[in-house]
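This report describes how the chains of one model meet. It takes one interface at a time.

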Amino acid sequence: MGALARGPWLLPLVFGALALLSLVLTPFLVYLLTVILARGLVVLGLLILWRTGLMSFGQALYFGVGAYAVGLAEKYWGLRDAFALLALALAASAAMALVLGWLLRQYRDIYFAMLSLAFSMILYGTLVKSRVLGSTDGFTVPAPHFLGWAPGPALAMHALLLLTVAAASLGSFLAARYLASPMGHLTTAIRDNEIRVEYLGYPVRRAIHVKYVFAAMLAGAGGALVALAVGHIDPDMTYWTTSGEFVFITILAGPGSVLAPFLGAAIFEAVRTYATAYAPYSWQMVLGICLLLLILFLPRGVWSLFGARRRAAP
Amino acid sequence: MTKFTAKAGWWLGAAALAGIVPVQQAAAQDAATVKLGVVTFLSGAAAGPFGIPSRNAAELVVEAINAGTLPAPYNSKGFAGAKLEPIIIDENGSTTEVVQNYRDLVQRRGATAVVGYVSSGSCLGVAPVAEELKTLTVFFDCGTPRIFEDEDHHYVFRASATSTIDSTSAARYMVSRYKDMKAFTGINQNYAWGQDSWSDFEGAIKDLKPGLKEEDPLFPKLFAGQYSAEITTLLAKDADVVHSSFWGGDLESFVLQADPRGLFQKERFYISTAETAMFRLGPKLADGIIMGARGPWGVYSHDTELNRWFRHAYTDRFGTPPVYPSYQMALSLLGTKLAYDKAAAANPKPGVEDVVRAFTGLEFEVFGTKIAMAQGKGHQGIHEIAQGTYKYDKATTTPTITDIVYYPAECVSPPEGTKSTDWIKDGMKGAKNCP
Amino acid sequence: MLTAAAILVDGLDYAAWLFIVAVGLTLIYGVMKVVNVAHGGLYSMGAYAAAWAVGLYFDRGLAPAGSFLVLALASVAVGGVVGLALERGLLRLFYGRDDILIVLVTYAAFLILENLVLQIWGVEAYPAYQPATLLGTMTIAGLPFSTYELALVPLAAAIGAALIWILARTRIGKLVRAVIHDREMASSFGIDVGRVYTVTFVVGAVLGAFGGAVTAPIISVAPGIGVEVIVLAFAVVVIGGLGSVAGTIVGALLVGLARAAAVHLLPQVELFAIYAVMSLVLVLRPQGLFAPARQRRI
């Protein structure tokens with residue numbers, strides 16, 4: 001968000017560079033970058049909520065909804081087009097968030113967190129019980145088509161990465177514009193003192209509801225893209241540890257910019273990949289220690305490394 | 001924040017991504033070695049009963065293959081003469097992570113073949129990626145029949161039989177031993193493995209004894225650990241026979257909580273993975289429990305030179321006898337070796353297509369049991385299975401299994417081309433040579 | 001009639017266990033406003049330490065009755081040491097910063113603890129069944145129940161009563177309650193808030209480890225037992241109201257009875273039971289059932 005204050009060139013530059021880069025990356029990096037950016041999208045939504053003083057421990061709900069929307073559409077309607085699937089995921093998450101947000105917007109702090117967690121676990125329980133959907137084994141999602149073009153698996157991964165880059169840039173652009181708008185500035189105001197905001201005449205609950213739906217849509221998009229990249233969906237995507245990971249990356253990245261979530265996701269994946277590969281018997285400890293060190297030395301998140309000046313803006 | 005820290009930040013970010021770029025160039029395959037990925041649970045709840053025993057077996061067998069010290073027909077060195085370089089990674093994590101680690105293994109670290117996977121979810125997630133990356137992948141333990149029933153695969157193989165044979169053979173064993181049973185029920189963990197195992201058993205036992213009464217089966221949460229309410233419910237019910245696919249910590253907790261309350265004396269239990277716990281629980285496991293081992297493995301294995309070597313070497317090195325996951329890993333490695341060797345007969349430096357062709361439809365004997373890659377268009381193995389009853393020998397303080405019955409493959413497996421759930425629903429037609 | 005009795009006994013059993021496991025969490029949150037994810041790790045360590053100690057104890061062939069003391073001592077030792085190390089060595093560095101940062105720190109601590117357990121004790125499960133088998137079974141309404149599990153009920157009641165009495169009557173309890181209500185005020189009155197924090201965290205950690213130790217004889221102590229417990233414990237304390245010991249008692253009872261009823265009457269909903277109860281309570285009473293009053297700051 002602060003990036004835009006400096007001038008609107010940073011966002012298109014970063015994502016344009018990524019798009020160009022994606023053409024020369026090795027297949028493994030293509031896959032990895034897709035997953036990183038998709039998870040970054042989810043975290044972007046959490047960033048907006050965090051600035052409002054709310055931490056959702058249940059974003060996995062929408063992550064899963066997006067993924068299962070894609071999977072079910074492919075399985076039962078034969079819908080293969082990536083754009084249509086993405087739109088479907090967005091619609092499904094938005095619908096669910098509209099309903100649930102109406103209840104959740106009245107809660108704060110730990111109660112918001114726990115209630116959002118409860119909803120995601122209820123979905124988890126439902127999915128596990130559903131043998132039609134494969135229960136905990138889930139089911140496979142075949143490679144998508146792109147507006148009628150049905151590429152082979154390798155090309156499909158590249159195309160998917162480009163789609164993800166586009167989604168990530170659109171998402172962060174919209175987030176940045178929103179946060180710069182008057183309603184967007186309400187985020188930190190609500191976090192600081194909600195009652196005063198009410199007295200000033202702004203509808204706090206409606207604002208929270210809007211942010212919640214926005215975050216849900218981002219999470220749904222992320223879930224859809226991960227489902228397409230990994231090619232497999234299962235109820236684990238809605239489990240609380242998945243939500244926990246997203247929260248982790250959010251705080252790791254810090255609240256500094258709409259680009260921070262993507263950097264945070266990249267670093268998390270990098271640490272995890274290395275830890276699993278080179279410390280197969282102790283990777284969880286390595287992950288925990290690395291993350292602790294990062295929190296200790298970079299309390300405002302990894303993005304604080306890039307802050308050149310202190311800004312008056314939150 | 002200074003300009004220096006900002007620069008440092010950019011380098012950090014770049015390093016994070018760049019560090020994942022492969023250092024060496026794309027798979028400059030050294031013809032004299034085969035980089036073999038081995039994937040199993042090194043942490044988490046499945047490590048104790050399945051992961052570590054299979055990891056141990058992999059270590060043992062890979063060493064022996066490289067040294068060429070195994071009995072015939074496995075006595076040549078390596079895979080088609082090429083030395084094995086194992087890369088062992090942890091299967092623990094979400095399916096997304098498992099798939100990512102598989103890609104890392106193949107695309108970044110250059111594995112040319114992968115043997116692994118305990119969890120059915122992992123297998124289902126990895127199979128399409130194996131096809132995409134055109135890498136020979138052999139699943140050694142996961143039980144779901146869906147792998148080859150839902151889709152055809154070219155590069156994926158599984159020499160161990162599916163979990164269908166556990167339930168069908170158990171049902172036959174129960175029916176033949178407990179002729180006066182009137183009611184049955186089950187207690188299984190509430191996830192795919194538990195639900196599918198129960199559904200197969202329920203269908204099979206109803207096929208064999210149509211008049212049997214079914215009490216509501218129980219499905220406690222996976223890793224619940226606390227079963228007092230379930231045990232009370234089972235004690236209050238009328239079932240003579242109970243099916244369970246509990247494993248690991250849940251299995252042990254359940255046994256430790258149920259035994260003092262007399263549950264195993266009141267009802268006859270079949271536990272499909274019980275063999276993994278028999279040496280650990282010893283006298284705490286009640287006599288009379290029917291022990292599944294997913295095949296004629298562990299103490300059910302036939303006496304052959306290979307088996308004698310395996311049991312002796314494993315117990316020597318790891319302090320405890322090998323259990324069925326160890327056998328499954330061993331046979332998967334040995335089957336893969338045979339495929340490589342067979343392919344080498346035609347082409348001394350076999351490529352993946354040669355090995356795939358050799359593996360398809362392969363028939364081989366291991367630990368005294370014949371395995372035929374006869375399902376899944378030649379990619380899925382079938383073999384016999386044994387069931388028996390637990391008896392703790394107090395005199396020698398040894399866990400033993402008595403009243404062993406072997407069920408041949410053609411009795412307990414569905415015919416090629418038929419889905420196992422359909423086969424059971426239709427009454428297991430065509431099952432022959434059943435004892 | 002039989003089923004009602006069974007549900008009651010099973011429900012009380014499970015509630016007692018839930019309470020012992022969860023009460024440490026509510027204390028820590030109530031006083032420090034810290035969401036202690038590492039609670040699962042302490043539970044795990046308590047269980048492993050107890051199982052290992054009990055194993056050693058019986059290997060020496062000492063009087064079986066002493067094994068209960070061994071259980072308690074092992075958990076207190078582990079909980080005390082690890083709790084102290086965590087609070088002084090780690091959490092202290094993050095007080096005054098964003099609340100959510102501490103959650104992250106405890107999460108990282110949890111990852112480390114889980115792996116530490118793996119490094120120290122390996123992947124094999126540790127049985128520690130002797131204390132449970134010692135007590136045998138009791139027949140209630142015609143069904144045999146494990147006496148050990150039934151004994152958890154009076155134990156939980158004792159712990160709950162002790163905690164409530166300490167908070168209400170003793171000097172340290174009043175100091176703690178002062179800090180719960182208003183940290184800044186308490187500090188300006190000269191209360192050493194840092195010391196209260198340390199004491200509270202260590203007590204909470206010991207209780208968590210004790211929960212694990214007490215559970216060890218009836219389960220197989222295996223890797224990963226900590227993960228499941230975290231969410232369960234949190235649900236219970238949220239239902240009861242964070243920071244209220246009485247609330248945790250009620251929350252545990254609600255969840256225990258609901259789950260027992262589900263298992264006996266409607267097994268299909270057993271997976272949801274706890275989350276459904278939690279959602280219902282939060283919808284009806286957003287702060288939980290017995291949350292201490294909080295003033296609104298304008």
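## Chain B against chain A

Across the interface of chain B and chain A there are 13 residue pairs in polar contact, both residues being at pLDDT 80 or more. A polar contact is a pair of N or O atoms within 3.5 Å; within protein, one must be able to donate a hydrogen and the other to accept it, and residues adjacent in sequence count only if both atoms are side-chain atoms. The side of chain B that touches chain A draws at least two residues from each of α1 (3-18), β2 (83-90), α3 (95-108), α4 (120-133) and α7 (192-208) of chain B. Helices (H or I, at least four residues) and strands (E, at least two) are DSSP runs, numbered from the N terminus. The largest share of that side, 10 residues, comes from α3(B). Sorted by class, the side of chain B that touches chain A holds 17 nonpolar, 19 polar and 11 charged residues. Here Ala, Val, Leu, Ile, Met, Phe, Trp, Tyr, Cys and Pro count as nonpolar, Asp, Glu, Lys and Arg as charged, and the others, Gly among them, as polar.

The contact (heavy atoms within 4.5 Å) involves 47 residues of chain B and 48 residues of chain A. About 4,200 Å² is buried between these chains, 58% of it on carbon and sulfur atoms. Buried area is the accessible area (1.4 Å probe) that two parts lose on being put together, summed over both. Chain B and chain A also share 2 salt bridges, where a salt bridge is a side-chain nitrogen of Lys or Arg within 4 Å of a carboxyl oxygen of Asp or Glu. In one of them, B:Glu97 pairs with A:Arg272, with the closest N and O atoms 3.7 Å apart.

## Basis of the values

The model is predicted: local features need pLDDT of at least 70, side-chain atom pairs count only at pLDDT 80 or more, and totals for chains, interfaces and linings use all residues. Residues are numbered from 1 along each chain as its sequence is written, chains are lettered from A and ligands numbered from 1 in the order in which they are written, and side-chain values use heavy atoms, leaving out hydrogens and water.

## Chain C against chain B

Chain C brings 32 residues to this contact and chain B brings 33 residues. The buried area is about 2,800 Å², with 60% given by carbon and sulfur atoms. C:Val123, C:Glu228 and C:Leu271 supply 16% of the area that chain C buries against chain B, more than any other three residues.

There are 2 salt bridges between chain C and chain B; one of them joins C:Arg259 to B:Glu230 (3.2 Å, N to O).
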